[in-house]
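Colleague: Could you walk me through this model, and tell me what stands behind each term as you go?
Modeller: Gladly; here it is.

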Amino acid sequence: MPLLIWIILFCVLGGALSVLAAAVFLALGSERRARLLPGAVSFAVGALLGAAFLALLPHALESPGMDGHRLAAVMLAGLLGFFVLEKLVLWRHCHVDECETHAPDPGRGRLSAAGHLILIGDGIHNFVDGVLIAAAFLTDIHLGIVTSLAVAAHEIPQEVGDFAVLLHSGFSRGKALAYNILSSLGTVAGGVLAYFSLGLAQDLVPYVLAVAAASFIYIATADLIPGLHGRVEGRAAVQQVALILTGVALIFIAHAALH
């Protein structure tokens, strides 16, 4: 199968299908979501960190003639760049039904700025995810699949939160779903653009993998893990650690099996 088809296929799987999964998740009811969502977030933490440290970084470092110091500098720049994006409220994603960062407008039936902002931020984030997936596939098809799994793992709880923000902002369920699906197509756009541009500049691919690793690490440590610390009881902590390790194990097994 042509590489471009692989990229488009997994960009769609990591984008539009995660939106549909989030919509189904929201239909479960608030009590069941409250029980299940923390587990999904814990699993996503493990998948993201596993993909970053067990797949993306090793492949970037194995590139011929790669300078480890230069690669580390690119990673650092990526982490700082995501921090700036978050300060601009373009990267922050919600993983709960109520989100302080994108608080809804209490106005009378008016669509709040939060809803439009979350769509803009989601579109940018999805576009970047597409670039990262394409860079992984350009390095190795197996790495592309593992990277897509990690993207999907964090997209589902993210989309649950984003979908909830749109509903609180005054969007109907139909419009919220339609706009989220449209935003998710940014993943495909990013993947296709990266396929043609990075294909002509293969030397840039390891650095894009480093940025991908920085993205996964930042999302896991800055967006997801702080929310897990809100539950301090021993049983919750054990569940969180177990699910994080499960996410890491999934990436490890998938990466080993595909090779």
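Modeller: Let me start with accessible areas, which come from the Shrake-Rupley method with a 1.4 Å probe, and for residues only the protein chains shown count as cover. On that basis the chain exposes about 11800 Å², and carbon and sulfur atoms supply 71% of it. This is a predicted model, where local features need pLDDT of at least 70, side-chain atom pairs count only at pLDDT 80 or more, and totals for chains, interfaces and linings use all residues. Residues are numbered from 1 along each chain as its sequence is written, and side-chain values use heavy atoms, with hydrogens and water left out.

Colleague: How many helices and strands does the chain have?
Modeller: There are nine helices and zero strands. Both are DSSP runs numbered from the N terminus: helices are H or I with at least four residues, strands are E with at least two.

Colleague: Why does Thr 187 count as buried?
Modeller: Buried means under 20% relative accessible area, with exposed over 50% and partly exposed in between (1.4 Å probe, protein chains only). Thr 187 has 1% relative accessibility, so Thr 187 counts as buried. Thr 187 is found in helix α7. Leaving out residues up to four places away in sequence, Thr 187 touches Cys 11, Gly 15, Asn 126, Phe 127, Asp 129, Gly 130 and Ile 133; a contact here means heavy atoms within 4.5 Å. Of the 259 residues of the chain, 46% count as buried.

Colleague: What makes α6 and α7 roughly parallel?
Modeller: The axes of α6 (residues 173-184) and α7 (residues 186-199) come within 4 Å and cross at roughly 10°. Axes are lines fitted to C-alpha atoms, for helices over the stretch in contact, and angles run from 0 to 180 degrees between N-to-C directions. Angles under 35 degrees count as roughly parallel, over 145 as roughly antiparallel, 65 to 115 as roughly perpendicular and the rest as oblique. The pair is therefore roughly parallel.

Colleague: Which residues have the most contacts inside the largest nonpolar core?
Modeller: They are Leu 48, Leu 56, Leu 198, Leu 209, Phe 216 and Leu 224, in a core of 49 residues. A nonpolar core is a set of buried Ala, Val, Leu, Ile, Met, Phe, Trp, Tyr and Cys residues joined through side-chain atoms within 4.5 Å. Helix α8 gives the largest share of this core, 13 residues. Not counting residues up to four places away in sequence, Leu 48 touches Ala 150, His 154, Phe 216, Ile 219, Ala 220 and Leu 224.
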